[in-house]
Amino acid sequence: MNTMELKIYELTSRIDAHEAKCEERDKTIFNRLESIEKRLDALNSLLTKLAVILVTGMGGILITMLMRN
């Protein structure tokens, strides 16, 4: 092999290694994003329930106050 072929072989090896690292990194990022998405969905659900409870409670208090008068 001549020098040019060795350089090409080395570059190909480095690119293959880089692609493997990037693929693993992408999988990790995707899994973390899925986890974050699930937590955000749970938080959104909790906040929606809390808002319904607060509105219902405030409505109950308002109706009670109006009924007293």
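The model is a predicted one.

**Overall dimensions**
- Along the principal axes, the C-alpha atoms of the protein chain fill a box of roughly 100 × 15 × 5 Å.
- The C-alpha atoms of Leu 47 and Asp 16 are separated by 46 Å, and these two residues are 31 residues apart along the chain.

**Exposure and charge**
- Of the 69 residues in the protein chain, 0% are buried.
- The chain exposes about 6800 Å², and carbon and sulfur atoms supply 65% of that area.
- There are 10 positive and 10 negative side chains, and the centres of the two sets lie 13 Å apart.

**Nonpolar surface patch**
- A nonpolar patch on the surface is formed by Ile 29, Leu 33, Ile 36, Leu 40, Leu 43, Leu 46, Leu 47, Leu 50, Leu 54 and Met 58.
- Together, these residues have about 970 Å² of accessible area.

- Leu 43 lies in helix α1, which covers residues 3-68.
- The relative accessible area of Leu 43 is 42%, and because this value falls between the limits of 20% and 50%, Leu 43 counts as partly exposed.
- Leu 47 also has its place in helix α1, and with a relative accessible area of 47% Leu 47 is likewise partly exposed.

Note on methods:
Residues numbered from 1 in each chain as written. Predicted model: local features only at pLDDT ≥ 70, side-chain atom pairs only at ≥ 80, totals over all residues. Heavy atoms only, no water. Patch = residues over 30% accessible without salt bridge, like charges linked within 9 Å, V, L, I, M, F, W, Y side chains within 5 Å. Areas by Shrake-Rupley, 256 points an atom, 1.4 Å probe, with all protein chains shown as cover. Salt bridge = Lys/Arg side-chain N within 4 Å of Asp/Glu carboxyl O. Helix = DSSP H or I, 4+ residues; strand = E, 2+ residues; numbered from the N terminus. Buried < 20%, exposed > 50% of the residue type's maximum accessible area, 1.4 Å probe, protein only. Lys, Arg positive; Asp, Glu negative; His and termini not counted. Charge placed at Lys NZ, Arg CZ, Asp CG, Glu CD.
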